[in-house]
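Here is a short tour of a protein model, written for someone who likes to know which side chains meet which. Have the structure open as you read.

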Amino acid sequence: MTQPFADYDALYEGRMEALKKKREEKFKKLDGDFFKALEVNDKASQTRIASIKNKLRSFPQEMENKTFASRDDIINYEPKCFKDEAV
């Protein structure tokens, strides 16, 4: 990974931690939704929720594969999985 600016690693790690916290909030909501789907045996919702959770688990890899050209790119980065799924 190239470092286009001096504080790249610190910004990257800080953003990763912030996104992990945001992901945990999404997981909590999804867990509740999943249990509701279990109670009513809603297989379609269970499958959809499991898919969303798997995408959220994989965001660090998505971020690792991304090249950031500026500080703002890192600070404002939002993983695709956070945007695509209404959670």
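## Ground rules

A salt bridge here is a side-chain nitrogen of Lys or Arg within 4 Å of a carboxyl oxygen of Asp or Glu. Side chains of opposite charge can pair when their charged atoms come close.

This is a predicted model, in which local features need pLDDT of at least 70 and side-chain atom pairs count only at pLDDT 80 or more, while totals for chains, interfaces and linings use all residues. Residues are numbered from 1 along each chain as its sequence is written, and side-chain values use heavy atoms, with hydrogens and water left out.

## The E78 network

R15, K22 and E78 are linked in a network of salt bridges. E78 is found in the loop between α4 (71-75) and α5 (80-84); helices (H or I, at least four residues) are DSSP runs, numbered from the N terminus. The salt bridge between R15 and E78 has an N to O distance of 3.3 Å. That pair links distant parts of the chain, since R15 is in helix α1 and the two residues are 63 apart.

E78 also meets K22 in a salt bridge, at 2.5 Å from N to O. Here the partners are 56 residues apart, with K22 in helix α1. Both R15 and E78 are buried, which means under 20% relative accessible area, whereas exposed means over 50% and partly exposed in between (1.4 Å probe, protein chains only). K22 counts as partly exposed, at 31% relative accessibility.

By the same rule, the count comes to 5 salt bridges. One of them joins the side chains of D7 and R71 (2.4 Å, N to O). D7 lies in the segment before α1 and R71 in helix α4, so this pair ties together parts that are 64 residues apart in sequence. D7 is partly exposed at 28% relative accessible area, and R71 is partly exposed at 41%.

The protein chain has 5 helices and 0 strands. Of its 87 residues, 32% count as buried.
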